[in-house]
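Hello,

Here is the structure you were to receive. My notes on cavities and on one stretch of strands follow below it.

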Amino acid sequence: GGSLTKLAYYSTVQHKVARVRSFDHSGKDIENEPLYEISVQEEITARLHFIKFENTYIETCLDFIKDHLVNTETKVIKATGGGAYKFKDLIEKKLGLKVDKEDVMTCLIKGCNFVLRNIPHEVFAYQKDSDTEFRFQTNHPNIFPYLLVNIGSGVSIVKVETEDKFEWIGGSSIGGGTFWGLGALLTKTKKFDELLQLASKGQHTNVDMLVKDVYGGAYQTLGLSGNLIASSFGKSATADKEFSKEDMAKSLLHMISNDIGQLACLYAKLHNLDKIYFGGFFIRGHPVTMRTITYSINFFSKGEVQALFLRHEGYLGAIGAFLKGAEQDNPNQYSWGENYAGSSGLMSTSPDVYPMQRTRSGTFDMLEMDRLERPLVNLPLLKDPSTYIPDTVDLTDDAMARKYWLTCFEEALDGVAKRAAASQPDSVDALERAEKFRQKYWNKLQTLRQQPFAYGTLTVRSLLDTREHCLNEFNFPDPYSKVKQKENGIALKCFQSVIESLDSLGWEERQFALVKGLLAGNVFDWGAKAVSDVLESEPQFGFEEAKSKLQERPWLEDSYSQWLERLKEGPPHKCALIFADNSGIDIILGVFPFVRELLSRGTEVILACNSGPALNDVTYSESLIVTERIAAMDPVIQSALKEERLLLVQTGSSSPCLDLSRLDKGLAVLVRERKTDLVIIEGMGRAIHTNYYAALKCESLKLAVIKNSWLADRLGGKIFSVIFKYEVPCK
């Protein structure tokens, strides 16, 4: 680009993963053997990296490429933007490679499509005077069509209809270069950032002629307010005085932003588009330009169109050029996820935060994205994917909740680091790595205290996911693997007696006992401090003790009677999708008896577990072993597995929470094929922190025990209050 070089590259990352494998028990006494074997293996995964360098340090950037990224097979380097011409000779000479120049607009659009598809909180609207300047948007599953307004030296307006179909529909020669050039002539300031700095301190009304200067007040007939600009720089023609640089810069900024805003609005109306994304060096995260563009769009569209900005706008061209170069590997066939451990986040616009880092106001310095093993899609049963928001509380907005949860995660950090080190007793550097993890996550939490919007909307889910990413970075793939192994073994020994006692009950009594068992199982959550304290101090704390902890009915949220009525009066459900939560007692003594009852009613069951580890949540590979053991004890489960009426699938997630818009494609296909008509979501992370308000096309059960006293208080209950939410969609 004109002032920054953005570099995109692909690497393979070697990291540790925890694997579980069933023992061969033939002819052995299995009574005292562990349930399965846990091994830590090396796995290679793909990662995309994006880094920014200032052009004044182009040599440093080229040294970085030469030292780290060029190997003997590399013959060509893809480049786009003005710098691809300006620095072509330097790049070819220094790296010994041919520069292959790609079309700027094609690259920009390829890059834009990529971030819109893969980063859930990529898009934001800017609101200057609210607590949170950035208002993040939920990604619509269908990103097309949209208008891309790229404000570089001039303005290009492009209509994007599909992945490969776009057209330049208009533009203007009055753009960022005009602001810079005229600004330099008016203020003798040559640097773009300094011009913006001047503009942010200026008062345009000293230079501009307003409606009230012409009419003495508002122009009622046309409905124009008195404070509207009637003529940019209008006062300078008649006033006999010097104008300050700040005021002139501000007036110029308004003049150009209003012009671009009106132009963008007219094109959006002409082509019937309601999404306008703004990018280019004029924007580049600068609050002052985002504010004026936002005002202009709002004014000219009468609030019907919103100006939208992108978190990684500066990288679009580099991402697009990279994608062009990697076409034979087609990165678009995969899903990608932002790695919070390796990404630096969006800088704050308030000048008192990290003043040393503010030479490039609002820029993003580093982004890392991991390739996910399997493509992710929407759950087909979401009522309206375009309005689905997984998270229940937006901590970016709610300052009190934000303060509580950040403190909560800070206080839990030492325990998490200890648990991580203890999970690898044979490793000589486990303590050192655990300390590095602690330091990294602590720094992330401090950044989020200052800049809650650094990675998009701040939620309990994003705090949990960031912690998992940091644990993985320092090679702690599954700190709870041994705990889960032990708890699964203990729970399996109790399975048959739990089933016998359930089978001895009358039908109605059994339904309540099953729900109570499901809720009691949900108490066993090592992620909740109130529970981990009990589990560490009272090793004998078990299933019956957990039942006694539960709130008596009526529960905090209680639609059990409606659920019971539905079971009594209605036909059996065709197929139930169950999202499981914790290992051990939860899945074995809580979920499986419930699954068994559904199967006995003639309902098929899809049991969905996490693809990768998070806290003590059960993983897909662990669920396979547990199910195999249960089937050996229970003919109902055994025949259901054999006849494929019970199916085990992975969710595509490695989070203690659940985003129904990013689920494994195989799961979505199965949900459709089996005509699923009941979704059961259990656990605090999946049913309260996320999906509490999720609307589905079919019946759903959301159930959890609240194991956090602050959250219980927030919801109007006490610790160990019960949420049992049975919902039927409106016809």
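A cavity here is a set of points on a 1 Å grid over the protein atoms alone where a 1.4 Å probe fits but cannot get out; points are joined across faces, edges and corners, and a volume is the space filled by probe spheres set on them.

This is a predicted model: local features need pLDDT of at least 70 and side-chain atom pairs pLDDT 80 or more, while totals for chains, interfaces and linings use all residues. Residues are numbered from 1 along each chain as its sequence is written, and side-chain values use heavy atoms, without hydrogens and water.

The second largest cavity holds about 70 Å³ of space. Its lining (residues with an atom within 4 Å of a point) consists of Gln 511, Leu 514, Val 515, Trp 563, Leu 567, Phe 594, Glu 597, Leu 598 and Arg 601. That is 6 nonpolar, 1 polar and 2 charged residues.

Strand S19 (residues 604-609) has 5 of its 6 residues buried, meaning under 20% relative accessible area with a 1.4 Å probe, protein chains only. S19 pairs (at least two DSSP bridges) in the parallel sense with S18 (residues 575-579) over 5 bridges, with Cys 575 opposite Glu 604. From S18 the chain passes through H20 (residues 585-600) to S19 in a right-handed β-α-β crossover (clockwise from the first strand over the helix to the second, with the strands pointing away from the viewer). S19 also pairs in the parallel sense with S20 (residues 646-650), over 5 bridges, and there Cys 609 stands opposite Gln 650.

Regards

Key:
Buried means under 20% relative accessible area, exposed over 50%, partly exposed in between (1.4 Å probe, protein chains only). Helices (H or I, at least four residues) and strands (E, at least two) are DSSP runs, numbered from the N terminus. On a 1 Å grid over the protein atoms alone, a cavity is a set of points where a 1.4 Å probe fits but cannot get out, and a pocket is an open set with protein on both sides within 12 Å along at least five of seven lines; lining residues have an atom within 4 Å of a point. Ala, Val, Leu, Ile, Met, Phe, Trp, Tyr, Cys and Pro count as nonpolar, Asp, Glu, Lys and Arg as charged, and the others, Gly among them, as polar.
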